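I set down here what I looked up in this structure, entry by entry.

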Amino acid sequence: MSIELKHVNKKFGSFKALDDVSLKIENGELIALLGPSGSGKTTLLRVVAGLDAFDEGQVLFSGRDAQDQKTRERGVGFVFQHYALFRHMTVFDNIAFGLNVLPRNIRPSREEIRAKVMELLHLIQLEWVSERYPWQLSGGQRQRIALARALAVRPKVLLLDEPFGSLDAHVRKELRAWLRRFHDEFHITTIFVTHDQEEALEVADRIVVMNRGKLVQVGTPEDVFHNPVNSFVLSFLGNVNFFHCRLEEGKAVIGNTALEVPGLSVDHPQSAKLYVRPNQFQLSKVFTGSALKAVVEYVNPAGTIVKVNLKTESGELILVEITQEELKRLKIKKQDEVYVSLKDVTYSEYVQDNP
Ligand code: ATP
(Lines give C-alpha, C1' and ligand atoms only; values in the text may rest on other atoms or scores of the structure.)
Protein backbone atom coordinates (compact mmCIF):
# COMPACT_ATOMS: atom_id res chain seq x y z
CA MET A 1 0.00 0.00 0.00
CA SER A 2 1.44 3.38 -0.95
CA ILE A 3 0.60 6.47 1.11
CA GLU A 4 0.54 10.02 -0.19
CA LEU A 5 0.02 13.26 1.68
CA LYS A 6 -0.74 16.32 -0.40
CA HIS A 7 -0.43 19.77 1.17
CA VAL A 8 -1.77 18.59 4.52
CA ASN A 9 -2.34 21.32 7.12
CA LYS A 10 -3.48 20.81 10.68
CA LYS A 11 -3.90 23.38 13.45
CA PHE A 12 -4.55 23.06 17.14
CA GLY A 13 -6.21 26.42 17.80
CA SER A 14 -3.89 28.90 16.10
CA PHE A 15 -0.87 26.57 16.38
CA LYS A 16 0.21 24.92 13.12
CA ALA A 17 1.05 21.30 13.97
CA LEU A 18 1.34 20.28 10.29
CA ASP A 19 2.32 22.96 7.84
CA ASP A 20 1.79 22.15 4.15
CA VAL A 21 3.08 18.58 4.40
CA SER A 22 3.48 16.72 1.09
CA LEU A 23 5.07 13.26 1.06
CA LYS A 24 4.82 10.11 -1.03
CA ILE A 25 5.64 6.80 0.65
CA GLU A 26 6.05 3.91 -1.76
CA ASN A 27 4.54 0.48 -1.23
CA GLY A 28 6.84 -1.56 1.04
CA GLU A 29 9.01 1.36 2.17
CA LEU A 30 10.25 1.84 5.73
CA ILE A 31 10.21 5.53 6.52
CA ALA A 32 11.61 7.09 9.69
CA LEU A 33 10.03 10.34 10.86
CA LEU A 34 12.74 12.16 12.73
CA GLY A 35 12.53 15.47 14.53
CA PRO A 36 12.69 17.21 17.90
CA SER A 37 9.93 16.99 20.45
CA GLY A 38 6.81 18.82 19.29
CA SER A 39 7.80 18.87 15.61
CA GLY A 40 4.58 17.10 14.54
CA LYS A 41 5.68 13.47 14.11
CA THR A 42 2.86 11.89 16.12
CA THR A 43 0.32 14.26 14.59
CA LEU A 44 1.39 13.16 11.12
CA LEU A 45 1.09 9.50 12.13
CA ARG A 46 -2.39 10.03 13.61
CA VAL A 47 -3.53 11.84 10.48
CA VAL A 48 -2.33 8.92 8.32
CA ALA A 49 -4.10 6.47 10.62
CA GLY A 50 -7.34 8.44 10.40
CA LEU A 51 -7.33 8.97 14.18
CA ASP A 52 -7.14 12.76 13.77
CA ALA A 53 -8.86 14.99 11.24
CA PHE A 54 -6.89 17.62 9.33
CA ASP A 55 -7.89 21.05 8.05
CA GLU A 56 -6.66 21.10 4.47
CA GLY A 57 -5.04 18.77 1.96
CA GLN A 58 -5.45 15.14 1.06
CA VAL A 59 -4.26 11.74 2.28
CA LEU A 60 -4.29 8.97 -0.32
CA PHE A 61 -3.93 5.23 0.29
CA SER A 62 -2.85 3.48 -2.95
CA GLY A 63 -4.14 6.51 -4.84
CA ARG A 64 -7.59 6.46 -3.12
CA ASP A 65 -8.73 9.33 -0.94
CA ALA A 66 -8.44 7.99 2.60
CA GLN A 67 -11.22 10.30 3.83
CA ASP A 68 -13.62 7.74 2.37
CA GLN A 69 -12.11 4.98 4.55
CA LYS A 70 -12.60 4.67 8.29
CA THR A 71 -9.57 3.82 10.45
CA ARG A 72 -10.67 0.17 10.58
CA GLU A 73 -10.89 -0.08 6.80
CA ARG A 74 -7.42 1.36 6.22
CA GLY A 75 -5.68 -1.86 7.26
CA VAL A 76 -3.39 -0.01 9.67
CA GLY A 77 -1.49 -1.68 12.53
CA PHE A 78 -0.15 0.45 15.38
CA VAL A 79 2.52 0.11 17.99
CA PHE A 80 3.01 3.00 20.37
CA GLN A 81 5.68 3.63 22.96
CA HIS A 82 3.28 2.98 25.81
CA TYR A 83 0.77 0.88 23.96
CA ALA A 84 -0.37 -1.12 26.96
CA LEU A 85 -1.23 -4.73 26.32
CA PHE A 86 -4.45 -5.93 27.95
CA ARG A 87 -3.29 -6.76 31.47
CA HIS A 88 -5.94 -9.34 32.19
CA MET A 89 -5.23 -11.32 28.99
CA THR A 90 -2.43 -13.78 28.36
CA VAL A 91 0.11 -13.06 25.64
CA PHE A 92 -1.73 -15.55 23.43
CA ASP A 93 -5.09 -13.80 23.92
CA ASN A 94 -3.51 -10.36 23.41
CA ILE A 95 -2.17 -11.37 20.01
CA ALA A 96 -5.39 -13.15 19.08
CA PHE A 97 -7.55 -10.17 20.11
CA GLY A 98 -7.81 -8.46 16.71
CA LEU A 99 -8.85 -11.75 15.09
CA ASN A 100 -11.31 -12.71 17.82
CA VAL A 101 -13.24 -9.45 17.43
CA LEU A 102 -13.66 -9.72 13.66
CA PRO A 103 -17.27 -10.06 12.46
CA ARG A 104 -18.32 -13.72 12.50
CA ASN A 105 -18.54 -14.03 8.69
CA ILE A 106 -14.86 -13.12 8.19
CA ARG A 107 -13.44 -14.40 11.49
CA PRO A 108 -11.01 -17.34 11.08
CA SER A 109 -11.80 -20.59 12.93
CA ARG A 110 -10.37 -21.21 16.43
CA GLU A 111 -7.77 -23.56 14.95
CA GLU A 112 -6.75 -20.98 12.33
CA ILE A 113 -6.45 -18.26 14.99
CA ARG A 114 -4.33 -20.60 17.15
CA ALA A 115 -2.04 -21.39 14.21
CA LYS A 116 -1.71 -17.69 13.33
CA VAL A 117 -0.83 -16.67 16.90
CA MET A 118 1.74 -19.46 17.20
CA GLU A 119 3.26 -18.41 13.85
CA LEU A 120 3.57 -14.81 15.11
CA LEU A 121 5.05 -15.93 18.43
CA HIS A 122 7.58 -17.95 16.47
CA LEU A 123 8.37 -14.89 14.33
CA ILE A 124 9.11 -12.75 17.38
CA GLN A 125 10.90 -15.69 19.04
CA LEU A 126 8.68 -15.71 22.10
CA GLU A 127 6.71 -18.97 21.81
CA TRP A 128 7.61 -19.81 25.37
CA VAL A 129 5.73 -16.84 26.90
CA SER A 130 2.34 -17.52 25.30
CA GLU A 131 0.58 -18.30 28.60
CA ARG A 132 2.17 -15.47 30.55
CA TYR A 133 0.50 -12.17 31.39
CA PRO A 134 1.99 -8.82 30.23
CA TRP A 135 3.22 -7.92 33.73
CA GLN A 136 5.36 -11.09 33.69
CA LEU A 137 7.34 -9.84 30.66
CA SER A 138 10.28 -7.48 30.17
CA GLY A 139 9.76 -4.16 28.35
CA GLY A 140 11.41 -5.48 25.18
CA GLN A 141 9.24 -8.60 25.21
CA ARG A 142 6.09 -6.49 25.68
CA GLN A 143 6.96 -4.34 22.67
CA ARG A 144 7.53 -7.42 20.52
CA ILE A 145 4.13 -8.77 21.64
CA ALA A 146 2.55 -5.41 20.75
CA LEU A 147 4.10 -5.72 17.30
CA ALA A 148 2.80 -9.29 16.93
CA ARG A 149 -0.67 -8.11 17.97
CA ALA A 150 -0.56 -5.38 15.32
CA LEU A 151 0.58 -7.91 12.70
CA ALA A 152 -2.12 -10.49 13.50
CA VAL A 153 -4.75 -8.74 11.39
CA ARG A 154 -2.38 -8.58 8.40
CA PRO A 155 -2.07 -4.79 8.21
CA LYS A 156 -1.17 -3.16 4.92
CA VAL A 157 0.49 -0.31 6.80
CA LEU A 158 2.41 -0.34 10.09
CA LEU A 159 2.62 2.84 12.15
CA LEU A 160 5.20 2.69 14.90
CA ASP A 161 5.35 5.63 17.31
CA GLU A 162 8.62 5.46 19.24
CA PRO A 163 8.03 1.73 19.75
CA PHE A 164 11.37 1.24 21.50
CA GLY A 165 11.44 4.63 23.23
CA SER A 166 11.06 3.32 26.76
CA LEU A 167 13.62 0.52 26.46
CA ASP A 168 17.25 0.52 27.50
CA ALA A 169 19.94 1.14 24.88
CA HIS A 170 20.99 -2.49 24.47
CA VAL A 171 17.44 -3.85 23.96
CA ARG A 172 16.67 -0.95 21.61
CA LYS A 173 19.62 -1.89 19.41
CA GLU A 174 18.56 -5.53 19.28
CA LEU A 175 14.96 -4.68 18.45
CA ARG A 176 15.85 -2.18 15.76
CA ALA A 177 18.02 -4.77 13.99
CA TRP A 178 15.17 -7.24 14.36
CA LEU A 179 12.69 -4.73 12.90
CA ARG A 180 14.92 -4.18 9.87
CA ARG A 181 15.19 -7.95 9.25
CA PHE A 182 11.44 -8.33 9.74
CA HIS A 183 10.78 -5.55 7.26
CA ASP A 184 13.14 -7.03 4.68
CA GLU A 185 11.14 -10.23 4.86
CA PHE A 186 7.56 -8.88 4.85
CA HIS A 187 7.80 -5.46 3.16
CA ILE A 188 4.85 -3.90 4.96
CA THR A 189 4.75 -0.16 4.29
CA THR A 190 5.97 1.25 7.60
CA ILE A 191 6.22 4.70 9.18
CA PHE A 192 8.47 4.70 12.20
CA VAL A 193 8.55 7.73 14.50
CA THR A 194 11.71 8.35 16.44
CA HIS A 195 13.73 11.20 17.81
CA ASP A 196 16.83 9.01 17.89
CA GLN A 197 18.93 9.86 14.84
CA GLU A 198 21.05 6.73 15.13
CA GLU A 199 17.91 4.58 15.05
CA ALA A 200 16.63 6.40 11.95
CA LEU A 201 19.96 6.16 10.14
CA GLU A 202 20.24 2.45 10.85
CA VAL A 203 16.70 1.25 10.15
CA ALA A 204 15.08 3.42 7.48
CA ASP A 205 14.96 3.26 3.68
CA ARG A 206 14.31 6.99 3.76
CA ILE A 207 14.35 9.58 6.52
CA VAL A 208 11.89 12.44 6.81
CA VAL A 209 13.26 15.22 9.00
CA MET A 210 10.57 17.43 10.56
CA ASN A 211 10.72 20.72 12.38
CA ARG A 212 7.83 22.91 13.52
CA GLY A 213 5.25 20.99 11.52
CA LYS A 214 7.20 21.19 8.27
CA LEU A 215 9.18 18.60 6.34
CA VAL A 216 12.70 19.95 6.25
CA GLN A 217 14.37 17.17 4.25
CA VAL A 218 13.40 13.80 2.79
CA GLY A 219 16.09 11.41 1.60
CA THR A 220 18.05 8.23 2.12
CA PRO A 221 20.00 8.02 5.39
CA GLU A 222 23.22 8.53 3.43
CA ASP A 223 21.82 11.57 1.67
CA VAL A 224 20.48 13.39 4.73
CA PHE A 225 23.65 12.64 6.68
CA HIS A 226 26.16 13.72 4.03
CA ASN A 227 24.13 16.36 2.19
CA PRO A 228 22.01 18.14 4.78
CA VAL A 229 19.92 20.95 3.30
CA ASN A 230 20.55 23.23 6.27
CA SER A 231 22.27 23.51 9.61
CA PHE A 232 19.18 22.23 11.46
CA VAL A 233 19.31 18.85 9.69
CA LEU A 234 23.07 18.77 10.03
CA SER A 235 23.14 19.32 13.76
CA PHE A 236 20.20 16.96 14.30
CA LEU A 237 22.07 14.09 12.64
CA GLY A 238 25.16 13.54 14.73
CA ASN A 239 27.82 15.66 16.36
CA VAL A 240 29.15 18.66 14.51
CA ASN A 241 31.66 21.44 15.25
CA PHE A 242 30.76 24.95 14.29
CA PHE A 243 33.08 27.88 13.49
CA HIS A 244 32.50 31.52 12.64
CA CYS A 245 35.08 32.45 10.02
CA ARG A 246 35.95 34.68 7.13
CA LEU A 247 36.45 33.02 3.74
CA GLU A 248 39.32 34.51 1.76
CA GLU A 249 41.07 33.02 -1.28
CA GLY A 250 39.89 29.47 -0.56
CA LYS A 251 40.93 29.68 3.08
CA ALA A 252 38.87 29.99 6.24
CA VAL A 253 40.28 32.57 8.61
CA ILE A 254 39.45 31.57 12.20
CA GLY A 255 40.94 34.01 14.72
CA ASN A 256 44.46 34.67 13.41
CA THR A 257 44.78 31.38 11.54
CA ALA A 258 44.05 30.80 7.85
CA LEU A 259 42.95 27.19 7.28
CA GLU A 260 42.90 25.48 3.91
CA VAL A 261 39.34 24.31 3.17
CA PRO A 262 39.37 21.50 0.59
CA GLY A 263 36.83 21.93 -2.20
CA LEU A 264 35.67 25.40 -1.14
CA SER A 265 35.66 28.18 -3.72
CA VAL A 266 34.75 31.76 -2.91
CA ASP A 267 34.45 34.60 -5.42
CA HIS A 268 35.00 37.37 -2.93
CA PRO A 269 35.86 37.53 0.76
CA GLN A 270 32.88 36.98 3.01
CA SER A 271 31.84 35.89 6.49
CA ALA A 272 30.62 32.33 6.90
CA LYS A 273 29.76 29.58 9.32
CA LEU A 274 31.60 26.29 8.86
CA TYR A 275 30.19 22.99 10.10
CA VAL A 276 32.73 20.22 10.50
CA ARG A 277 32.01 16.64 11.59
CA PRO A 278 34.38 15.23 14.25
CA ASN A 279 35.98 12.85 11.71
CA GLN A 280 36.78 15.64 9.25
CA PHE A 281 39.83 16.96 11.10
CA GLN A 282 43.45 15.99 10.72
CA LEU A 283 45.55 16.05 13.89
CA SER A 284 49.29 16.49 13.94
CA LYS A 285 51.92 17.05 16.60
CA VAL A 286 53.99 19.19 14.26
CA PHE A 287 52.95 22.49 12.71
CA THR A 288 51.73 21.93 9.16
CA GLY A 289 51.44 25.54 8.00
CA SER A 290 47.64 25.63 7.86
CA ALA A 291 46.41 24.49 11.23
CA LEU A 292 44.82 25.71 14.45
CA LYS A 293 46.94 25.29 17.53
CA ALA A 294 45.06 23.52 20.33
CA VAL A 295 45.54 21.77 23.65
CA VAL A 296 44.20 18.26 24.31
CA GLU A 297 41.65 18.42 27.13
CA TYR A 298 40.47 14.82 27.09
CA VAL A 299 41.10 11.60 25.19
CA ASN A 300 38.49 8.83 25.31
CA PRO A 301 39.70 5.68 23.56
CA ALA A 302 36.82 3.49 24.88
CA GLY A 303 34.94 2.51 21.73
CA THR A 304 35.53 1.70 18.09
CA ILE A 305 36.67 5.28 17.55
CA VAL A 306 38.65 7.60 19.79
CA LYS A 307 37.06 10.87 20.93
CA VAL A 308 39.41 13.77 21.53
CA ASN A 309 38.34 17.08 23.09
CA LEU A 310 40.49 20.06 22.17
CA LYS A 311 40.61 23.74 23.08
CA THR A 312 42.06 26.12 20.53
CA GLU A 313 44.23 29.11 21.34
CA SER A 314 41.24 31.39 20.83
CA GLY A 315 39.07 29.29 23.17
CA GLU A 316 36.98 27.22 20.72
CA LEU A 317 36.12 23.72 21.91
CA ILE A 318 36.48 21.05 19.24
CA LEU A 319 35.40 17.41 19.29
CA VAL A 320 37.59 15.28 17.04
CA GLU A 321 37.22 11.59 16.26
CA ILE A 322 40.24 9.57 15.20
CA THR A 323 40.88 5.88 14.68
CA GLN A 324 42.60 3.70 17.27
CA GLU A 325 45.51 3.38 14.78
CA GLU A 326 45.85 7.17 14.59
CA LEU A 327 45.91 7.36 18.37
CA LYS A 328 48.72 4.80 18.49
CA ARG A 329 50.64 6.74 15.86
CA LEU A 330 50.09 10.20 17.39
CA LYS A 331 50.44 9.09 21.02
CA ILE A 332 48.49 12.14 22.19
CA LYS A 333 47.45 12.61 25.78
CA LYS A 334 45.87 15.26 27.99
CA GLN A 335 47.67 18.66 27.95
CA ASP A 336 49.59 17.89 24.72
CA GLU A 337 49.78 20.63 22.11
CA VAL A 338 48.41 19.59 18.71
CA TYR A 339 47.71 21.18 15.32
CA VAL A 340 44.29 20.78 13.76
CA SER A 341 43.68 21.07 10.02
CA LEU A 342 40.58 20.36 7.91
CA LYS A 343 40.20 17.29 5.70
CA ASP A 344 36.72 18.38 4.66
CA VAL A 345 33.69 20.35 5.80
CA THR A 346 30.11 19.04 5.79
CA TYR A 347 28.31 22.32 5.30
CA SER A 348 29.06 26.00 5.05
CA GLU A 349 26.65 28.87 5.32
CA TYR A 350 27.39 32.37 4.17
CA VAL A 351 26.61 35.16 6.55
CA GLN A 352 25.42 38.56 5.39
CA ASP A 353 28.24 41.05 6.03
CA ASN A 354 27.16 44.32 7.61
CA PRO A 355 27.44 47.09 4.99
P1 ATP B 1 7.29 14.13 20.65
O2 ATP B 1 8.60 13.69 20.06
O3 ATP B 1 7.48 14.94 21.91
O4 ATP B 1 6.27 13.04 20.81
P5 ATP B 1 6.02 15.07 18.19
O6 ATP B 1 6.97 15.51 17.15
O7 ATP B 1 5.40 13.72 18.04
O8 ATP B 1 6.67 15.24 19.62
P9 ATP B 1 3.31 16.03 18.20
O10 ATP B 1 2.81 15.15 19.31
O11 ATP B 1 2.89 15.71 16.82
O12 ATP B 1 4.89 16.19 18.26
O13 ATP B 1 2.85 17.51 18.54
C14 ATP B 1 3.11 18.61 17.67
C15 ATP B 1 2.64 19.88 18.33
O16 ATP B 1 1.23 19.89 18.41
C17 ATP B 1 3.17 20.06 19.76
O18 ATP B 1 3.55 21.41 19.94
C19 ATP B 1 1.98 19.71 20.63
O20 ATP B 1 2.00 20.44 21.84
C21 ATP B 1 0.80 20.08 19.75
N22 ATP B 1 -0.35 19.22 20.01
C23 ATP B 1 -0.41 17.89 19.82
N24 ATP B 1 -1.62 17.39 20.13
C25 ATP B 1 -2.36 18.44 20.57
C26 ATP B 1 -3.70 18.60 21.04
N27 ATP B 1 -4.53 17.56 21.12
N28 ATP B 1 -4.10 19.84 21.37
C29 ATP B 1 -3.26 20.92 21.27
N30 ATP B 1 -1.99 20.84 20.82
C31 ATP B 1 -1.55 19.63 20.47
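**Entry 1**

I looked up Q125 and found a relative accessible area of 49%, so Q125 counts as partly exposed (buried means under 20% relative accessible area, exposed over 50%, partly exposed in between, with a 1.4 Å probe and protein chains only). I note that the model is predicted, that local features need pLDDT of at least 70 and side-chain atom pairs pLDDT 80 or more, while totals for chains, interfaces and linings use all residues. Residues are numbered from 1 along each chain as its sequence is written, and side-chain values use heavy atoms, with hydrogens and water left out.

Q125 sits in the loop between helix 3 (110-123) and helix 4 (139-152); helices (H or I, at least four residues) and strands (E, at least two) are DSSP runs numbered from the N terminus. Its phi is near 60°, a positive value in a residue other than glycine.

I then turned to R154, in the loop between helix 4 and strand 7 (157-161). Its phi is near 50°, again positive in a residue other than glycine. R154 is exposed, at a relative accessible area of 64%.

**Entry 2: Ligand shell**

Which residues are around the ligand? I listed F12, F15, A17, P36, S37, G38, S39, G40, K41, T42 and T43, where a residue is near if one of its heavy atoms lies within 4 Å. By class, I recorded four nonpolar, six polar and one charged residues; Ala, Val, Leu, Ile, Met, Phe, Trp, Tyr, Cys and Pro count as nonpolar, Asp, Glu, Lys and Arg as charged, and the others, Gly among them, as polar. Strand 2 (15-25) and helix 1 (41-49) each supply at least two residues of this shell. The largest share, three residues, comes from helix 1.

For polar contacts I used pairs of N or O atoms within 3.5 Å; within protein, one must be able to donate a hydrogen and the other to accept it, and residues adjacent in sequence count only if both atoms are side-chain atoms. A polar side-chain atom of S37 lies 2.6 Å from a ligand oxygen. A polar backbone atom of G38 is 2.8 Å from an oxygen atom of the ligand. For K41, a side-chain N or O atom is 2.8 Å from a ligand oxygen. The protein covers 57% of the 640 Å² of accessible area that the ligand has on its own (Shrake-Rupley method, 1.4 Å probe; for residues, only the protein chains shown count as cover).

**Entry 3: Aromatic rings**

I searched the whole structure and found nine aromatic pairs (Phe, Tyr and six-membered Trp rings with centres within 6.5 Å; planes under 30 degrees apart are stacked, over 60 edge-to-face, the rest tilted). F182 and F186 form a tilted pair, 5.0 Å centre to centre with 35° between the planes. They are four residues apart in helix 5 (residues 169-186), so about one helical turn separates them. F182 is buried at 7% relative accessibility, whereas F186 is partly exposed at 40%.

The rings of F243 and F281 are edge-to-face, because their planes stand at 75° with centres 6.3 Å apart. F243 lies in strand 11 (residues 241-248) and F281 in strand 15 (residues 281-284), so the pair ties together parts 38 residues apart in sequence. F243 is buried at 3% relative accessibility, and F281 is buried at 1%.
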